[in-house]
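The stops below run from the whole chain to single residues.

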Amino acid sequence: MDKIRVAAVQMVSGVSPEANVAAMKRLVARAAEQGADWVLLPEYWVLMGANDADKLALAEPLGGGRFQTALAETAKECGVVLFGGTVPLQSPEACRAMNTLLVYGRDGKRTGLYHKMHLFGFSGLGERYAEADTIRAGGDVPHLSADGVSVAAGICYDLRFPEFFRRQLPFDVLMLPAAFTHTTGKAHWELLLRTRAVENQCYVVAAAQGGLHENGRRTFGHSMIVDPWGEVLDVLPEGEGIVTADIDAGRLNSVRNRLPALKHRVLDAV
């Protein structure tokens, strides 16, 4: 790795899967036109349904389905490594789906996946969320790579669990699709992203849902790219669009050599 141009796509997905697929294709193409080598999509880009259970009717078997086909075709057409946000996949439980990050190479072939492990639950201020009602938790820590670069991954709520990412060391880039609520995002989103970047001395690329959705939910947005020193390189507060920056091996090595905190670790992640 010398420099890799990365892009995080921000969407305001609605209740129409067809419209969401069209928006995804358009935004990935825009990122590729701007020179992106890697593109990250947000969580739930395929659907922000009227009800949480709406995603269950769209859940696909791994390896087939319109959403996976759309991701594979888009990666190949645009010539990018596509970190495909999350897609609902079938699980052993009919009443729950897997919430899955799928990664596709420039040839359109799937190179990796991760099923979301930590399931979001929140109540207060007139809001209630319980992902465990409709999502089955994954059990495997991801170990991904692209273009010879070691990549960590998490999905939204995973961001709050530092030990989860320490289990993935060593890595240079952390990719995080998300759909943070406006309430929790305003309080913690940037703080957590910059913390994960600093403590793991890595780049963090975060793609979010960002705005008021047809179902009445409001997501925080602020898709951003953070460098290993914790500096925000690009951010989009709200609305549809992309953020871009370079993953720079020189910058990464400089931070790690000047302050070799990872080498100074005494305790291993359990």
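Start by colouring the protein chain by accessibility: 54% of its 270 residues count as buried, where buried means under 20% relative accessible area, exposed over 50% and partly exposed in between, with a 1.4 Å probe and protein chains only. This is a predicted model, in which local features need pLDDT of at least 70 and side-chain atom pairs count only at pLDDT 80 or more, while totals for chains, interfaces and linings use all residues. Residues are numbered from 1 along each chain as its sequence is written, and side-chain values use heavy atoms, without hydrogens and water.

Switch to cartoon. The protein chain shows 5 helices and 15 strands; these are DSSP runs, with helices (H or I) of at least four residues and strands (E) of at least two, numbered from the N terminus. Along the principal axes, the C-alpha atoms fill a box of roughly 50 × 40 × 35 Å.

Next, select Pro170, in the loop between helix H3 (162-166) and strand S11 (173-178). The peptide bond joining Leu169 and Pro170 is cis, with omega about 0 degrees.

Most peptide bonds are trans, and most residues other than glycine have a negative phi.

Go to Tyr44, in the loop between strand S2 (38-40) and helix H2 (66-78). Its phi is positive, near 55 degrees. Tyr44 counts as buried because its relative accessibility is 11%.

Finish at His222, in the loop between strand S12 (203-208) and strand S13 (223-226). The phi of His222 is also positive, about 55 degrees. With 22% relative accessibility, His222 counts as partly exposed.
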